[in-house]
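Me: I have a new model open and would like to learn how to read it. Could you take me through it step by step?

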Amino acid sequence: MENISNIWSVFAYAMVIAMLLASMLGLSAITGTRRGGRAMGRSMSMPFESGMEPTGSAHLRLPVQYYMVAMFFVIFDVETAILLPWATVVTETGWTGYGAALVFTVFLGVSLAYLWRAGALDWGPRVRQRQMADTHGDHVS
């Protein structure tokens, strides 16, 4: 059975957080500015930040490279999030932990090499390859 003092401290913490959230929401509802009718204006009824009038369309077509950079960031961010805690307990994990971290790193390296070979990192304009003209007139059959 859990120690009763641990349960009460978690309960007290949850209650303090609930009171803090309720006070922030209540104060913003009480002190927030309200505009109605003509004072509201056309721009205040539009769904946009800060009441500014939008310029142009909000529908942008982002290039695929944007998403590729985001995916690479997530992959290597996860690698960092896994390997940094491992580095703090490397002496306790022993050779088994070292082997698991090595396999994980090799797996990510192989996946990066695959993406590199597949052309996922080639973002610039592609250069057309020209076929070499047969200068000697020799045809291999």
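Predicted model: local features only at pLDDT ≥ 70, side-chain atom pairs only at ≥ 80, totals over all residues.

Me: Where does UniProt place the feature "transmembrane region"?

Reply: Residues are numbered from 1 along each chain as its sequence is written, and side-chain values use heavy atoms, with hydrogens and water left out. UniProt positions are given in the numbering used here, with shortened feature names, and annotations may be inferred rather than shown by experiment. The unreviewed UniProt entry places "transmembrane region" at residues 6–30, 66–89 and 95–116.

Me: What is the secondary structure over residues 6–30 and over residues 95–116?

Reply: Helices (H or I, at least four residues) and strands (E, at least two) are DSSP runs, numbered from the N terminus. Residues 6–30 are 100% helix and 0% strand, with the end C-alpha atoms 36 Å apart. Residues 95–116 are likewise 100% helix and 0% strand, and there the end C-alpha atoms are 31 Å apart. The protein chain as a whole has 4 helices and 0 strands, in the pattern α-α-α-α.

Me: What share of the protein chain is buried?

Reply: Buried means under 20% relative accessible area, exposed means over 50%, and partly exposed is in between (1.4 Å probe, protein chains only). Here, buried residues make up 6% of the 141 residues.

Me: Which residues form the nonpolar patch on the surface?

Reply: Patches are made of residues with over 30% relative accessible area and no salt bridge; like charges are joined within 9 Å, and nonpolar side chains (Val, Leu, Ile, Met, Phe, Trp, Tyr) within 5 Å. A salt bridge is a side-chain nitrogen of Lys or Arg within 4 Å of a carboxyl oxygen of Asp or Glu. Accessible areas come from the Shrake-Rupley method with a 1.4 Å probe, and for residues only the protein chains shown count as cover. In this model, Val69, Ile75, Phe76, Leu112, Trp116, Leu121 and Trp123 form the patch, with about 600 Å² of accessible area together. The elements giving two or more residues to the patch are α3 (64–88) and α4 (90–118).

Me: Why does Leu112 count as partly exposed?

Reply: Leu112 counts as partly exposed because its relative accessibility is 30%. Leu112 sits in helix α4. Contact means heavy atoms within 4.5 Å, and, not counting residues up to four places away in sequence, Leu112 touches Phe76 and Leu121.

Me: Which side chain of opposite charge is nearest to Glu79?

Reply: Lys and Arg count as positive and Asp and Glu as negative, while His and the chain ends are not counted. For Glu79, in helix α3, the nearest is Arg117, 20 Å away. Glu79 is buried yet has no salt bridge. Leaving aside neighbours within four places in sequence, Glu79 is in contact with Phe104, Thr105 and Leu108.
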